[in-house]
Amino acid sequence: MRLKNKPAYFFILICFIIFLFCNNIFAGQSNMYYRGNINGWSADSMIKTGGIWKKTLQAAVSEASIFKIANTNNWTGIDWSTGGVLSFNVAATFFQPNGGNTTINTVATRYYTFSIADNDGGNVSGAVLET
């Protein structure tokens, strides 16, 4: 069988591949976890929605709270952090591997939503929302 319109079939194939990559079919993490002062450094699973991993937690105390985001629940995988103080509601680069923790200044009883873009293991954008 010969394809009469090879350029059209090739174009459709390329569009399909781009669609799959743009919808995180091939790349990304299967799990992500928040760890930090707010939860006593336990591994709290994050939920992925639209290519963004999120976790909301309530602060029990007002403090300079430190945290990291990781792709395993036992420190054997990759972890991400900014290595410094993070302002609320501002996108920042989370580096991998960083080694340092990210610091936010929490207020008791307020909620904090930690967000990080799904990724294949490199540096990635993230943010913290205070409500």
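Predicted model: local features only at pLDDT ≥ 70, side-chain atom pairs only at ≥ 80, totals over all residues.
Residues are numbered from 1 along each chain as its sequence is written, and side-chain values use heavy atoms, with hydrogens and water left out.

Let me begin with the charged pairs. Side chains of opposite charge can pair when their charged atoms come close. The structure holds 3 salt bridges, a salt bridge being a side-chain nitrogen of Lys or Arg within 4 Å of a carboxyl oxygen of Asp or Glu. One of them joins the side chains of Lys48 and Asp118, at 3.1 Å from N to O. This pair links distant parts of the chain, with Lys48 in strand β3 (residues 47-49) and Asp118 in the loop between β9 (111-117) and β10 (124-130), 70 residues apart. Strands here are DSSP runs of E of at least two residues, and they are numbered from the N terminus. Lys48 counts as partly exposed because its relative accessibility is 35%, whereas Asp118, with a relative accessible area of 11%, is buried.

Another salt bridge is formed by the side chains of Asp79 and Lys68, again described by an N to O distance, here 3.1 Å. Asp79 lies in strand β6 and Lys68 in strand β5, 11 residues apart, and the pair links distant parts of the chain. Asp79 is buried at 18% relative accessible area, and Lys68 counts as buried at 9% relative accessibility.

In the remaining bridge to describe, the side chains of Glu130 and Arg110 meet at 3.4 Å, N to O. Glu130 belongs to strand β10, while Arg110 sits in the loop between β8 (102-106) and β9, 20 residues apart. Glu130 counts as partly exposed, at 24% relative accessibility, and Arg110 counts as partly exposed too, at 36%.

Now to the aromatic rings. A search of the whole structure finds 6 aromatic pairs, where rings of Phe, Tyr and Trp (its six-membered ring) pair if their centres lie within 6.5 Å, and planes under 30 degrees apart count as stacked, over 60 as edge-to-face and the rest as tilted. Among them, Phe67 and Phe94 have ring centres 6.3 Å apart and planes at 45°, so this pair is tilted. Phe67 in strand β5 and Phe94 in strand β7 are 27 residues apart, and both of these residues are buried. Ring pairs link Phe67 and Phe94 with Tyr34 and Phe114 into a cluster.

Arg35 lies over the face of Trp75, at 4.0 Å from the ring centre; the criterion is NZ of Lys or CZ of Arg within 6 Å of the ring centre and within 35 degrees of the ring normal. Trp75 is placed in the loop between β5 (63-70) and β6 (79-80), and it counts as partly exposed at 44% relative accessibility. What is the phi of Trp75? It is near 65°, a positive value in a residue other than glycine. Most residues other than glycine have a negative phi. Asn89, in the loop between β6 and β7 (92-94), also has a positive phi, near 60°, and Asn89 is exposed, with a relative accessible area of 53%.

Terms used. Helix = DSSP H or I, 4+ residues; strand = E, 2+ residues; numbered from the N terminus. Buried < 20%, exposed > 50% of the residue type's maximum accessible area, 1.4 Å probe, protein only.
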